[in-house]
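Student: I would like to learn how to read the charged pairs and the chain contact in a model. Could you take me through this one?

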Amino acid sequence: MNQSKKGLSNWLLVLAVLALAVAPLIFVRGAEFGGADSKAQEAISEIQPEYKPWFKSIFEPASGEIASLLFASQAALGAGVIGYAIGLYKGRSQQQKHEE
Amino acid sequence: MNRKQQALASLCLMAVISFYLVVGLPKPAYAMHIMEGFLPVQWAIFWWVVALPFFLLGLRSLTRITQANPQLKLLLGLAGAFTFVLSALKIPSVTGSCSHPTGTGLGAVLFGPLTMSVLGSLVLLFQALLLAHGGLTTLGANAFSMAIAGPFAAYWIYNFTIKLGGKAKIAIFLAAAISDLLTYIITSIQLALAFPAPVGGFIASFTKFAGIFALTQVPLAISEGLLTVLVWNWLQSYNPQELELLKLIKREPQGNESV
């Protein structure tokens, strides 16, 4: 009973996060959804038009596709570790309950 | 002749600028942190110097924790992985631009803020090296906002809320959400310090940058709070022993350091 109630609240948490992410896409029409950083970059060039970046990234992803590959790998690696750890903890706690 | 030269010169200039814009500048949708080269040299060095001691102290506390309690390594990995995942998620926001959560609140509450200064900096380093997201010259500044200021705020907010008698879940939500928002406010301060407006100075610049970063971040901060509570729920139901253990550890060393 308690466990299922917890499960429900976890699903609600996930739903709320999804809603927060999707709502702007529906309600803010005609926006670019670029990075906030490129806006900051524009702001810098407005404040100090003569400023030039003095150092460039050593490596840049060759294309948007490569960048999204790297980002996806980052998320996948992290999610894999989280899933592994939570799964291990869950298995362990269930085994302990079993033994009791 | 003179006019021709002028035309040629301006054509060359235009070609160079457009070439630079196409090739040189990072494409949009990159980097929500301060970009490579976008802090003047003296500020870049300043933030490196500020961030470095925290990183070193963090390394020390990290080795202490893992030596005393090797069974916590997996949980440490989880905290790092959480930051790793969340900082890869670019989520659209109400301002019509995208940004990403930081994920540092969870680890800061579990292990104390110094640990996160190491884990957060490693995530930033990965993004700077492989994704042109943030940068090496700006790493000090970015590490200060995301891996130091954010985690310390999270740690204090959590303990403060608990002291006031708040529930652990509410405390963890507030810690994660507010520290996420604070990270971007610090970023705005860092940019405003380096680029004060000719009219209005620091305050005018800060309002401008905060309008870009902090406003975008509001819904994302709430998302981060909710996701952190989600992981916290899992840990509580499957892993109560380690959480108990962490409470005991934190009382000893952190008590001295936070004073």
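Tutor: Start with one side chain. Lys247(B) has a relative accessible area of 42%, so Lys247(B) counts as partly exposed. Keep in mind that the model is predicted.

Student: Which residue does Lys247(B) meet in a salt bridge?

Tutor: The general idea is that side chains of opposite charge can pair when their charged atoms come close. Here the partner of Lys247(B) is Glu244(B), with 3.8 Å from N to O. Both residues lie in helix α9 of chain B, three residues apart, which is about one turn of the helix. Glu244(B) is also partly exposed, at 47%.

Student: How many salt bridges are there over all chains?

Tutor: The whole structure has three. Two is the count between chain B and chain A.

Student: Which residue pairs with Glu46(A)?

Tutor: Lys208(B) does, and the closest N and O atoms are 2.6 Å apart. Glu46(A) belongs to helix α2 (residues 36-47) of chain A and Lys208(B) to helix α8 of chain B, so this pair joins two chains. Glu46(A) is exposed, with a relative accessible area of 52%, while Lys208(B) is partly exposed at 33%.

Student: What does Arg92(A) form a salt bridge with?

Tutor: With Glu242(B), at 2.9 Å between the closest N and O atoms. This pair also crosses between chains, from helix α3 (residues 64-99) of chain A to helix α9 (residues 240-251) of chain B.

Student: Is Glu242(B) buried or exposed?

Tutor: Buried means under 20% relative accessible area. Glu242(B) has 5%, so Glu242(B) is buried. Arg92(A), at 28%, counts as partly exposed.

Student: How much area do chain B and chain A bury between them?

Tutor: The size of an interface is often given as the accessible area lost when the parts come together. For chain B and chain A, this is about 6000 Å², 70% of it on carbon and sulfur atoms. On the chain B side, Leu74(B), Phe195(B) and Tyr238(B) lose the most area to chain A, together 11% of what that side buries.

Student: How many residues does the contact take from each chain?

Tutor: It takes 75 residues from chain B and 58 residues from chain A. Between the two chains, 13 residue pairs are in polar contact.

Technical notes
Residues are numbered from 1 along each chain as its sequence is written. Chains are lettered from A and ligands numbered from 1 in the order in which they are written. This is a predicted model: local features need pLDDT of at least 70, side-chain atom pairs count only at pLDDT 80 or more; totals for chains, interfaces and linings use all residues. Side-chain values use heavy atoms; hydrogens and water are left out. Contact means heavy atoms within 4.5 Å. Buried area is the accessible area (1.4 Å probe) that two parts lose on being put together, summed over both. A salt bridge is a side-chain nitrogen of Lys or Arg within 4 Å of a carboxyl oxygen of Asp or Glu. A polar contact is a pair of N or O atoms within 3.5 Å; within protein, one must be able to donate a hydrogen and the other to accept it, and residues adjacent in sequence count only if both atoms are side-chain atoms. Helices (H or I, at least four residues) and strands (E, at least two) are DSSP runs, numbered from the N terminus. Buried means under 20% relative accessible area, exposed over 50%, partly exposed in between (1.4 Å probe, protein chains only).
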